[in-house]
Amino acid sequence: MNDTILVLDFGSQTNQLIARRIRELGVYSKLIHPKDIEKEDLTVVKGIILSGGPHSVYQKDAPTVTKAIYSWDIPILGICYGMQLMCHQLGGTVEASHKEFGITPIEVGSSPFLKTLPKRFNVWMSHEDSVLRLPEGFRSIAHSKTTENVIIEHQNQRWFALQYHPEVVHTDYGNEILNRFIEQTEAKRTWTMPNFIQEKTIDIRNLVKDGHVICALSGGVDSSVVAALLNHILKDQFTPIFVDHGLLRKGEREQVEHTFTQQFQMNLITVDAKELFLRKLKGIRSPEKKRKIIGHTFIEVFEDAMQKVGQANFLAQGTLYTDLIESGTKTAAKIKSHHNVGGLPKNLKLTLIEPLDTLFKDEVRALGKALGLPDSIVYRKPFPGPGIAIRILGDITEDKIRMVQESDAIFKEELIKSELDSSIWQYFTVLTNAKTVGVMGDKRTYDYVLALRAVTSLDGMTADFAQIPYPVLQKISTRITNEVPGINRVCYDITSKPPGTIEWE
């Protein structure tokens, strides 16, 4: 097993980032509820991080952790609320004081823990409480203009604490501070994708034995990486099933079939179900009804395709660590439900395998690269399960599907040409159900309005509209109105999330 640094989750919105930063530095890290710490295998736990959170340690029912952690001879790092909790539990004083939010310059004193760092740099603060009196044995090694104890350390134990958030990009030398804590833990830096593949190979072979695994391959990043991993491990004991519901992006089916049958030599089963899906969606305008119809029809088609495989025992899904967290934990509120979380339809009678459920999205991409997937799949932009059905406002027709596919392809092509593709988190076109008057070749037209949507984001939970230069937007608009019959007007959506969502429906 990998040496592990535990992040005790006290409810901060950036707790995932702490675990991600530690992993980026080569050590496995995961979030757990503070009450679950004694259930962990402490032989592999090399460090504990007390996370931030929205509470005050002196409030009734404020979240806490057993004081036993201070007797385990394990290095501990407190961050924001975690710092205040550490001091509160060890006899210090924490009280409401001045508020300190955003970028704040700090002055650094003398300490081996901070050696070679500048004497002054900026950090990201987010607190209303402060540690006013340190516990016995601690000393302050950094301060801001208004906060005396910004970084503290124990003089005999490997205990450190920060009033600010080192995990966010706004903090200078954040990774350096986390790296120095890792050095204190002496954890082995074995968290690499080659090691992950080796461990998963052993685990999955022991689980599957002589059985057979299937998965629904969509061509998206997660399902593609699952397919590549299982093909690497199981070969003939694995069969991916690709359902073409006719609501894919332009050329997507051809790309999937070429990648997985030609490059990876998989026994891919492709089901052409376009006519069935279009027939069931005919006249449906409600986005929720579209989703339900597509979801139910997909299961029907997938179950039929399973019969071609023969006896299947396992179903693999691309559940990620973030899916599990966002679907609700003991500490964090449920943000949104995920189709990959919550088990299987009872009638499938298959055992679920989720080989990516310990990975963050960036790690999944790294795994895909290690397995040899092409960049066109590894760095594929997010795409909704119902496909372009929810990018067509109102009823769905073959002609509308064509308009979205062709306009979306032009949008992508021009962003790549302008070298903007990598800096935009997600982009796509939306066909509205509005028509407007236009003029083409001195003739009156009455055609559809198309919207362009492009956002920048870290994880999709919040997003800003991408500030695409006007000349690029102009070229995209000109090409779409010239090359895609049925569209005579193009608009650009400049709504952020919140208040809007990324997808329109």
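Student: Is K400 buried or exposed?

Tutor: This is a predicted model, in which local features need pLDDT of at least 70 and side-chain atom pairs count only at pLDDT 80 or more, while totals for chains, interfaces and linings use all residues. Residues are numbered from 1 along each chain as its sequence is written, and side-chain values use heavy atoms, with hydrogens and water left out. Buried means under 20% relative accessible area, exposed over 50%, and partly exposed in between (1.4 Å probe, protein chains only). K400 has a relative accessible area of 6%, so K400 is buried.

Student: Where is K400 found, and which residues does K400 touch, not counting those up to four places away in sequence?

Tutor: K400 is found in helix α12; helices (H or I, at least four residues) and strands (E, at least two) are DSSP runs, numbered from the N terminus. A contact means heavy atoms within 4.5 Å. Leaving out residues up to four places away in sequence, K400 touches I392, L393, D395, L431 and Y448.

Student: How is empty space found?

Tutor: Rolling a probe the size of a water molecule over the atoms shows where empty space is left. On a 1 Å grid over the protein atoms alone, a pocket is an open set of points where a 1.4 Å probe fits, with protein on both sides within 12 Å along at least five of seven lines; lining residues have an atom within 4 Å of a point. Here, the second largest pocket is lined by 16 residues, and R249, S376, R380, K412 and Y427 lie nearest its centre. The elements giving two or more residues to this lining are α6 (252–263), α11 (375–378) and α12 (398–417). The largest share, four residues, comes from α12.

Student: What kind of peptide bond joins K497 and P498?

Tutor: That bond is cis, with omega about -15°. The bond from P498 to P499 is cis as well, with omega near 10°.
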